[in-house]
Amino acid sequence: MKNEWPLWEIFIRGQHGMSHRHVGSLHAPDAEMAIKNARDVYTRRNEGVSIWVVEANNISASSPSDKGPLYEPSESKVYRHPTFFDIPEEVGAM
Amino acid sequence: MYAQMIKSEATQDDPEKLAAFQARIDAGEKIEPKDWMPEGYRKTLIRQIGQHAHSEIVGQLPEGNWITRAPTLERKAILLAKVQDEAGHGLYLYCAAETLGVTRDELTEMLLDGRMKYSSIFNYPTLNWADMGAVGWLVDGAAIMNQVPLQRTSFGPYSRAMIRICKEESFHQRQGYDVIRKMAEGTPEQKKMAQDALNRLWYPSLMMFGPSDKDSVHSAQSMAWKIKMNTNDELRQKFVDQTVPQAEYLGLTVPDPDLKWNEERGHYDYTDPDWSEFFDVIQGNGPCNTDRLAARNKAWDDGKWVRDGMLAHARKKAARKHAAE
Ligand SMILES: [Fe+2]
Ligand SMILES: [Fe+2]
């Protein structure tokens, strides 16, 4: 059995109301220690009001080579952007 | 609005904790799912966010009705994209509600058996293409009026969902205005259709903001908790003030003979909708209540084998992977 501590991805909420954002990773034996370590590694200058830790193993990611099939279809759908429609100035912001 | 007549739940919590909680809200802090919160706050929010989510989902039906019959391929693609956005809005909101300890299936079941409501507006039919214009312009316009202030609501996940939704709504209203403008500037028959759509949807749109403030007895607690940011009449007035010039630009007449600019107030005076009709629709007696619920129930029942099949497949795959390890 491997004795290496697992890798954790660390997410910090910078301010009340904001989403947690990924700030980096670290190793820790369990979630509780990962939070403690994250406190020391990533919030030494008051960077956060809340910490989330997720074991890196549990993150599934899209692959960069799937860029085409994933995102190209939205390129032709320009009408999803409000500026696609001409709205006369007289009627106000919309 | 998308959430109408949300009754604030009574709360029986330790007064000291309640005061500290209120102080956080007054200081503009956001409440997050794992923070302590009064039971009444939690329950009221589940009901409000749930009703909001249901409205996004049921709200796809009146517009979905016209996707296959859009007049051009471009209009069809646009309408499809708009309805797809609404599905997304429903999902953001269900997820926000789920952080409060209710499950997606519970919320769905409460919609399907009528224990939870959705906005009264979606119980009106969409009779022709002009209605696609009027819905985007008026219904999404009214929704925006309500959702913009909710970006500042006290519950973090709700506020963040609103911020995301508001970014997407501008497209909805503009595509609607573009549709109705084409018709208003078209042949006399088309212009007549545009006017007819406005005539039918004007008052139902005003009803979206909920009953008049004098009959809206549940607001105070929700406003203190920053679950509700404005009174119903405030938002309705804002909507009227914004929409009247837009109708005038189109050469359309708002179906309210008493509508007029009040110099002194700096607002339009307008006629309230027929509130007995509103309460009737809420009670289930609108023109489309039965159809809408039947459509959602059918979608849920017909989708069961897909949901079950996907889950069975995922479980099988996980078991196989487990066995290989
Ligand atoms: Fe929406
Ligand atoms: Fe919308």
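The expected span of a helix is 1.5 Å times one less than its number of residues. In this predicted model, helix α8 of chain B, residues 188-207, contains 20 residues and extends 30 Å between its first and last C-alpha, close to the 28 Å expected.

**Helix α8 of chain B**
- A bend of about 35 degrees occurs in α8(B) at B:Leu201, and the proline B:Pro204 follows within four residues.
- B:Leu201 and B:Pro204 are both buried, and the buried residues of α8(B) also include B:Ala194, B:Gln195, B:Trp202 and B:Met207.

**Largest pocket**
- The largest pocket holds about 890 Å³ of space.
- Its lining comprises 26 residues, of which A:Ser19, A:His20, B:Pro157, B:Arg160 and B:Ala161 are the closest to the centre.
- At least two lining residues each come from β3 (50-55) of chain A and from α4 (73-98) and α7 of chain B; α7(B) contributes the largest share, seven residues.
- By class, this lining has ten nonpolar, five polar and eleven charged residues.

**Second largest pocket**
- The second largest pocket holds about 320 Å³ of space.
- It is lined by 26 residues, and those closest to its centre are B:Ala3, B:Met5, B:Ile6, B:Lys228 and B:Asn232.
- In chain B, α2 (39-58), α6, α9 (219-224) and α10 each provide at least two residues of the lining, with α6(B) giving the most, three residues.
- The lining of the second largest pocket consists of 13 nonpolar, eleven polar and two charged residues.

Note on methods
Residues numbered from 1 in each chain as written. Chains lettered and ligands numbered in written order. Predicted model: local features only at pLDDT ≥ 70, side-chain atom pairs only at ≥ 80, totals over all residues. Heavy atoms only, no water. Bend = angle between axes of the 7 residues up to and from the residue. Buried < 20%, exposed > 50% of the residue type's maximum accessible area, 1.4 Å probe, protein only. 1 Å grid on protein atoms, 1.4 Å probe; cavity = no way out; pocket = protein on both sides within 12 Å on 5 of 7 lines; lining within 4 Å. Points joined across faces, edges and corners; volume = space filled by probe spheres on them. Nonpolar A, V, L, I, M, F, W, Y, C, P; charged D, E, K, R; others polar.
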